[in-house]
Amino acid sequence: NRLLRSNNVPFKIIILCRKDLYKRLPGSNKNKISNSFSIDLDWYQDQVGITEKEIYKLTAFRAKLSGEDKDIFEKYFPPTIEKKHPAEYLLENTRYTPRDFLQLLTFIKNKSNRTTVSFSEMRSGIKEYSQKYFWPEIEDELDGYLTKDQVRKFKMLLVQLNQSPFMLS
């Protein structure tokens, strides 16, 4: 950018990079660069209501592009699920990223053939999303940090944690 500016070229180079990947890059001054010249996109917003969250707004925008004229959560989901807004309930099953959330909604959509999604269809969609999308994403994230065998053992540990009683061995 300095070279472009010194030659009066009216362009600026902008690089988009996930923070976890950026930290793994070689070189010095990464902290200074990321603190002084970066914008952090954080989709997890716990201090605002569900309809004010950017991920909710993005989902509504995406639905509108697909031809939906109403809020999809009001139109297709029950008003509350376990005393929560349906979007809030569903977000708890993701990593709070737009891609994850939209993938979950797609899995749920594929499980329902009615105008309103039932709780059992949601649970079925969440289960399929977890098996076919969420876990492979976790494996991808762990790649390079753990060996394939360590990832397999980690998955077995998580499965064990969900059972009663949990045996340390």
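Predicted model: local features only at pLDDT ≥ 70, side-chain atom pairs only at ≥ 80, totals over all residues.
Local features were taken at pLDDT of at least 70 and side-chain atom pairs at pLDDT 80 or more, while totals for chains, interfaces and linings use all residues. Residues are numbered from 1 along each chain as its sequence is written, and side-chain values use heavy atoms, with hydrogens and water left out.

Helices are DSSP runs (H or I, at least four residues), numbered from the N terminus. Two packed helices are described by the angle between their axes and the distance between the axes. Axes are lines fitted to C-alpha atoms over the stretch in contact, and angles run from 0 to 180 degrees between N-to-C directions.

The largest nonpolar core has 23 residues. Such a core is a set of buried Ala, Val, Leu, Ile, Met, Phe, Trp, Tyr and Cys residues joined through side-chain atoms within 4.5 Å. Buried means under 20% relative accessible area, exposed over 50%, and partly exposed in between (1.4 Å probe, protein chains only). F73, F77, L90, F101, L105, I108 and M122 have the most contacts inside the core. Two or more residues each come from α4 (54–65), α5 (72–76), α6 (86–91), α7 (98–111) and α8. Helix α7 gives the largest share, five residues. F77 touches I72, P86, L90, L105, I108, T116, V117 and M122, leaving aside residues up to four places away in sequence. Contact here means heavy atoms within 4.5 Å.

Helix α7 also packs on α4. Their axes are 10 Å apart, at an angle of about 50°. The pair is therefore oblique; angles under 35 degrees count as roughly parallel, over 145 as roughly antiparallel, 65 to 115 as roughly perpendicular and the rest as oblique. The crossing of α4 with α7 is right-handed, that is, the near helix is turned clockwise from the far one by less than a right angle. I55, L58, T59 and R62 of α4 meet P98, F101, L102 and L105 of α7. By class, this contact holds six nonpolar, one polar and one charged residues. Ala, Val, Leu, Ile, Met, Phe, Trp, Tyr, Cys and Pro count as nonpolar, Asp, Glu, Lys and Arg as charged, and the others, Gly among them, as polar.

The axes of α7 and α8 come within 8 Å and cross at roughly 135°. These two helices are therefore oblique to each other. Their crossing is right-handed. On the α7 side, the contact includes R99, D100, L104 and F107. The contact of α7 with α8 has eight nonpolar, three polar and seven charged residues.

Helix α8 (residues 119–142) comes within 11 Å of α9 (residues 148–161), axis to axis, and the two cross at roughly 135°. That makes α8 oblique to α9. The crossing is right-handed. W135, E139 and L142 in α8 meet V151, F154, K155 and L158 in α9. Five of these residues are nonpolar, none polar and two charged.

D140 also lies in α8. D140 is exposed, at 54% relative accessible area. Its C-alpha lies 26 Å from that of Y56, 84 residues away in sequence.

Two loop residues other than glycine have positive phi. N29, at about 65°, sits between α2 (19–24) and α3 (30–37). N29 is partly exposed, at 47% relative accessibility. K83, with phi near 65°, sits between α5 and α6. K83 is exposed, with a relative accessible area of 82%.
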